[in-house]
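Please read them with the sequence and the coordinates open.

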2 protein chains.
Amino acid sequence: MHDDGFHVYDTTLRDGAQQEGLNLSVADKIAIARHLDDLGVGFIEGGWPGANPKDTEFFRHARTELDLKHAQLAAFGATRRAGAKAADDPLVAALRESGAPVVTLVAKSHDRHVELALRTTLEENLAMIRDTVSHLRTEGQRVFLDAEHFFDGYRSNPAYALEVVRTAAEAGADVVALCDTNGGMLPDELADVVAAVAEAGARLGVHCHDDSGCAVANTLAAVSAGVTHVQGCANGYGERSGNANLFTVVGNLQLKRGYDLGVRLGEMTRVAHAVSEVTNVAPSSQQPYVGTSAFAHKAGLHASAVKVDPMLYQHIDPELVGNDMRMLISSMAGRASVELKGRELGYELSGEKAKQVVGRVKELEASGYTFEAADASFELLLREEVEGARTRFFTVESWRTIVERRTDGTLMSEATVKLNAKGERIVATGEGNGPVNALDRALRLALERIYPELSALELVDYKVRILEGTHGTEARTRVLIESSDSTGEWGTVGVQDDVIAASWDALEESVTYCLLRAGHTPA
Amino acid sequence: MHDDGFHVYDTTLRDGAQQEGLNLSVADKIAIARHLDDLGVGFIEGGWPGANPKDTEFFRHARTELDLKHAQLAAFGATRRAGAKAADDPLVAALRESGAPVVTLVAKSHDRHVELALRTTLEENLAMIRDTVSHLRTEGQRVFLDAEHFFDGYRSNPAYALEVVRTAAEAGADVVALCDTNGGMLPDELADVVAAVAEAGARLGVHCHDDSGCAVANTLAAVSAGVTHVQGCANGYGERSGNANLFTVVGNLQLKRGYDLGVRLGEMTRVAHAVSEVTNVAPSSQQPYVGTSAFAHKAGLHASAVKVDPMLYQHIDPELVGNDMRMLISSMAGRASVELKGRELGYELSGEKAKQVVGRVKELEASGYTFEAADASFELLLREEVEGARTRFFTVESWRTIVERRTDGTLMSEATVKLNAKGERIVATGEGNGPVNALDRALRLALERIYPELSALELVDYKVRILEGTHGTEARTRVLIESSDSTGEWGTVGVQDDVIAASWDALEESVTYCLLRAGHTPA
């Protein structure tokens, strides 16, 4: 267990799950909690037992299935209803029965919200806080309080907002987290309010949303003003523009502010991607610290300097957060970036060879290729230059695809592929919901018997770009395909006048690269 | 032209284009510049003429094709080479010849970068700045200076960093923009440095990157410390974690800091999405202010309170930035905008009719359509609702397309279309360099004898987007087609599982719209 000096409090499973399009099963929640525990966060808010059956179930499963090494579970819930007793409130009972060592109570701290949304008196709201906090404390749970809409509330009625903080602290809440619930604050005003509230004598926390694009900066400003408990979500998940990205907050605090929060930063990139596999939300490549682009360099101006000293162009060493520097191969890139990229892939290139590769890349880019998002195509090109021959596991004789809308309105897509592999001639036909899908199926059908690992190959993304804006469908077409197997992802590119032929080229390279990764020896 | 008191400086076309996977053609750059001008930014940095042939071409085209109402173009470039004269430097000449009223020079301000990356002396670097700035000023251009790696430079050698600012200002630079090139700064330290530099007497600007997740907050902190020129990119595009998101910065400054920057915030959501259609980078739904989720409410706790008073749960009124609360998916889908658009197209819509159209648009958008870049498809939909029937000049019986790569390596694309027009049944076959091109030719071949004006129809652009990122080629596909005839341009959209079927739908609508424009009466 980490010491109690500074709290890293994750609310991915509760507030993060409010993100549009994000839906977590109980099993998903268990899986994410394990990843976060592994990373080393101090608290994991699991949901609202009693209010949400799925969350009740989560806490039930957690007791037996979740063997947390580091984090403590927190159950989220509201203060008791107006005019009742906490001891008799069924929702408060669900919090007691959750088995979570910590309960985080949300309470109103904005006078208008008490009156308009809660429809009770300011005095009764304070009584609800006092009663619920002290009841749960007596029953043996640790209590934190989320003061909802605190900053807007402080603007509206500072005395009352302060009274909420004092009441919670006096009743035994260990932390009062000040919430910027609608995410509209900017750092300087937020810091001023935190500093003013610090006088109330409670231990303070902060909970920020990103509606002004300042959630991370607001969290840091609150820490500078005295807060010792920060809330946030993995990958910045959350309603509207999201919650404070806990990974960015923790990276900044540990690497730039000198806090030792017990978070294993070296695991952060891995955990960020593992969590996004569970949520099935495509990870942002731009995400600070952990995004795939976070340390990717494109400008040729930079590449030569990066070769001299990478730290000239990076704010931190990417290894500290488990990420890698990547050189993007583009027409703006020179020999230096090709040498660096070659080294990254395990090829030591002579100056002459590197120059040759740069020449090929420039020539191909002039005809419409781009290798930035097609690392696998670049590696195949590099291998060809180094080894003097193209890597091939099969040779294609011909292919054909037909798309038809019949008189009755039904659509049909079909493809036939003829190829040779390991001395065998194979003909296969596939159907699909589109010509590329049909070609993909035919190609794999032809090869899967010989190369069973192709069954793990998945096309993750498919992008088409027309390259000249003046000729419409007669222009050159670039297709980028993003593929994955159980252990990683890679991109390939095809450029042809014809979108289908371009797709075929990218498909063929994707399959070739998949077999290369699997350790096969080229024919 | 906006007054010179505060600069909103966009660098999407230069620094934004450094984003991984983002590649802009000259036509793309022109289109984006028009959108940004329409929004009301003060300066648009177009690229680096001389260093990048595409950018040289952009400035050449801009002179005749880009009639900016509001913004001024800026050409980006470096100070002259060491040991030469600015007047003799071919790259400096390219800046002069760009025709841009403003030149933004990048210069080193970090002593280590001067020595290690530029490989010259600190004194010569100052001479390069002095000479290049005063040369361009003498030649009649306004000069801004980007002081690269300024904040790290200030940490390393504050006296030298300050000397760079002073030198540039004395030589005649109107703005010295302090750049957090590697994006590692946090707001408080950055503000301290800006305040210290303010003494140098130059007008200051700021250029931030988001590697610490603080680009927006850093920009605001710099403004509080005295900066009157902010740089950023549309949608936060940029290398690694991106540049400061100009939309978020401007939203915060105008709505929360009381600046009148001349930006038409009501257009911001529309422009943000229009730009992402051009870049073909999927827009982030979480983006502050302009994201589709930015005002989308999911929490049950919130829903009832939102009903009482939406402003209890929103930091601003979404209409201020052209966005909508929840569900009102597109900027066009509001009833008022449908009524306005109808009037623009010559249809007087009743409230009931407008509501019906909004319903159709929402339903179609939920299944993947977008009408922002498909005005012709929207008009056909509007006509259908008003007139009770689809506008048709022909009815299609069936179509089929075949793409084949033969054993000899040659590619063949062929399409056959069967349709009825003016009581005639017509069968036509076309060949093309791709299935869509072949379908386009077959369709026109079938119709051109009856409707000769189709010979003027040209497909100007063709864009494909896959809508779900998880199934690769099996996902839903959206095709946008931009068409023109001798008198104008229009866009159509098709959405289907199959890329060819989606293309067909967009093609068929394009041809229909062309005939409608030509004054034909539907069959």
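1. Helices of at least four residues and strands of at least two are taken as DSSP runs, numbered from the N terminus. On that basis chain A of this predicted model has 17 helices and 16 strands.

2. As to the overall form of chain A, its C-alpha atoms fill a box of roughly 80 × 60 × 45 Å along the principal axes, and 55% of its 523 residues count as buried. Among the contacts in chain A with a separation of 6 or more, 68% are accounted for by residues 24 or more positions apart.

3. The largest nonpolar core holds 195 residues, and the members that touch the most others are A:Leu145, A:Val176, A:Leu178, B:Leu145, B:Val176 and B:Leu178. Leaving aside residues up to four places away in sequence, A:Leu178 touches A:Ala147, A:Phe150, A:Phe151, A:Val194, A:Val197, A:Leu204, A:Gly205 and A:Val206. Another core, of 99 residues, lies apart from the largest one, and includes A:Leu419, A:Leu457, B:Leu443 and B:Ile481.

4. Where the two chains meet, 89 residues of chain B are in contact with 92 residues of chain A. Strand E9 of chain B (residues 395-405) supplies the largest share of the side of chain B that touches chain A, namely nine residues. By class, that side of chain B comprises 33 nonpolar, 35 polar and 21 charged residues.

5. A:Glu397 deserves a separate look. This residue lies in strand E11 of chain A (residues 395-405), and A:Glu397 is partly exposed because 15 other C-beta atoms lie within 10 Å, where 20 or more would be needed for a buried residue and 12 or fewer for an exposed one. Not counting residues up to four places away in sequence, A:Glu397 touches A:Lys418, A:Leu419 and A:Asn420, as well as B:Thr407 in chain B. By contrast, A:Glu348, which is 49 residues from A:Glu397 in sequence, is 35 Å from it in space, C-alpha to C-alpha.

6. Within chain B, the axes of helix H1 (residues 26-39) and helix H2 (residues 53-65) come within 9 Å and cross at roughly 50°, and H1(B) is therefore oblique to H2(B). The crossing of H1(B) and H2(B) is right-handed. On the H1(B) side the contact involves B:Val26, B:Lys29 and B:Ile30, which meet B:Lys54, B:Glu57, B:Phe58, B:His61, B:Ala62 and B:Glu65 in H2(B). The residues of this contact of H1(B) with H2(B) divide into four nonpolar, one polar and four charged.

Notes:
Residues numbered from 1 in each chain as written. Chains lettered and ligands numbered in written order. Predicted model: local features only at pLDDT ≥ 70, side-chain atom pairs only at ≥ 80, totals over all residues. Axes fitted to C-alpha atoms, helices over the stretch in contact; angles between N-to-C directions. Parallel < 35°, antiparallel > 145°, perpendicular 65-115°, else oblique. Left-handed = near helix turned anticlockwise from the far one by under 90°. Contact = placed C-beta atoms within 7 Å. Nonpolar A, V, L, I, M, F, W, Y, C, P; charged D, E, K, R; others polar. Core = buried A, V, L, I, M, F, W, Y, C linked by C-beta atoms within 7 Å.
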